[in-house]
Amino acid sequence: MKKYSIEKTEEEWKEKLSPEQYRVLREKGTEAPHTGEYNLHFEDGEYQCAACGEQLFESDAKFESGCGWPSFDNAIDGKVEYIQDRTFGMIRTEILCSNCGSHLGHVFDDGPTETGQRFCVNSASINFNQ
C-alpha cells in the first residue's frame, strides 16, 4: 500500500470530516449531480483537498461542463494521483490527492479546452480559498 505524506486512521478521518466528506473522500463515494457547493462556483482562488488542505486546482482551470460536478481542465502539477478504476463495468481514471490519498473524482479525455481533459470532482472533496 502506498505511503502518503499525511496518513490518519479511519477513525481520525471520521472525526475530522463531515459524514458526506468521509463517504466521498475515504469511501470513494460520489455526490449527486448538480448538488455540490462548487459546481457553479467561479470565483478567483484555489481549490484544496477537503481532507488535508493540499492545493489541487487553480480557479482559472475551472469551467462549466454541464455534467453536474465541478470541472477543471488541469490540476496543479504533482498534486493529483491517477489510478485505473474498473468499478461499475467501466474503465475510468480515478483521481486522488497525492498528499493524503483521498478520492476526488475522475478525469476524462473529453474536455473542451486545449488540454482535452475534464477533471470531474466532487464538491465534498474540495474547499475553496481566495
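1. Let's start with the aromatic rings. Y38, Y47, F57, F72, Y82, F119 and F128 are joined by ring pairs into a cluster. Keep in mind that you're looking at a predicted model. Searching the whole structure turns up 6 aromatic pairs.

2. How far apart are the ring centres of Y47 and F72? They sit 5.1 Å from each other, and the planes make an angle of 70 degrees, so this pair is edge-to-face.

3. F72 has another partner to look at. F57 and F72 make a stacked aromatic pair, with 4.2 Å from centre to centre and 15 degrees between the planes. Because F57 belongs to strand β2 and F72 to strand β4, this pair ties together parts that lie 15 residues apart in sequence. Are these two residues buried or exposed? F57 has 0% relative accessibility, so it counts as buried, and F72 is buried too, with a relative accessible area of 0%.

4. Now for the charges. How many salt bridges does the structure hold? There are 9, and one of them joins K2 to E81, with the closest N and O atoms 3.4 Å apart. This one links distant parts of the chain: K2 is in the segment before α1 (10-16), E81 is in strand β5 (residues 80-85), and they are 79 residues apart. K2 counts as partly exposed at 44% relative accessibility, while E81 is buried at 14%.

5. Have a look at the loops as well. E54 forms a salt bridge with K79, and here the closest N and O atoms are 2.5 Å apart. E54 lies in the loop between β1 and β2, and K79 in the loop between β4 and β5, 25 residues apart. With a relative accessible area of 19%, E54 is buried, since buried means under 20%. K79, at 23%, is partly exposed.

6. One more bridge: R118 pairs with D110, with 2.9 Å between the closest N and O atoms. R118 is buried, its relative accessible area being 13%, whereas D110 counts as partly exposed at 46%.

7. Last stop, the surface. Which residues form a negative surface patch? They are E43, D44, E58 and D60. Of these, E58 sits in strand β2 (residues 55-58) and counts as partly exposed, at 30% relative accessibility.

Technical notes:
Residues numbered from 1 in each chain as written. Predicted model: local features only at pLDDT ≥ 70, side-chain atom pairs only at ≥ 80, totals over all residues. Heavy atoms only, no water. Patch = residues over 30% accessible without salt bridge, like charges linked within 9 Å, V, L, I, M, F, W, Y side chains within 5 Å. Areas by Shrake-Rupley, 256 points an atom, 1.4 Å probe, with all protein chains shown as cover. Salt bridge = Lys/Arg side-chain N within 4 Å of Asp/Glu carboxyl O. Lys, Arg positive; Asp, Glu negative; His and termini not counted. Charge placed at Lys NZ, Arg CZ, Asp CG, Glu CD. Helix = DSSP H or I, 4+ residues; strand = E, 2+ residues; numbered from the N terminus. Buried < 20%, exposed > 50% of the residue type's maximum accessible area, 1.4 Å probe, protein only. Phe/Tyr/Trp six-rings, centres within 6.5 Å; stacked < 30°, edge-to-face > 60°.
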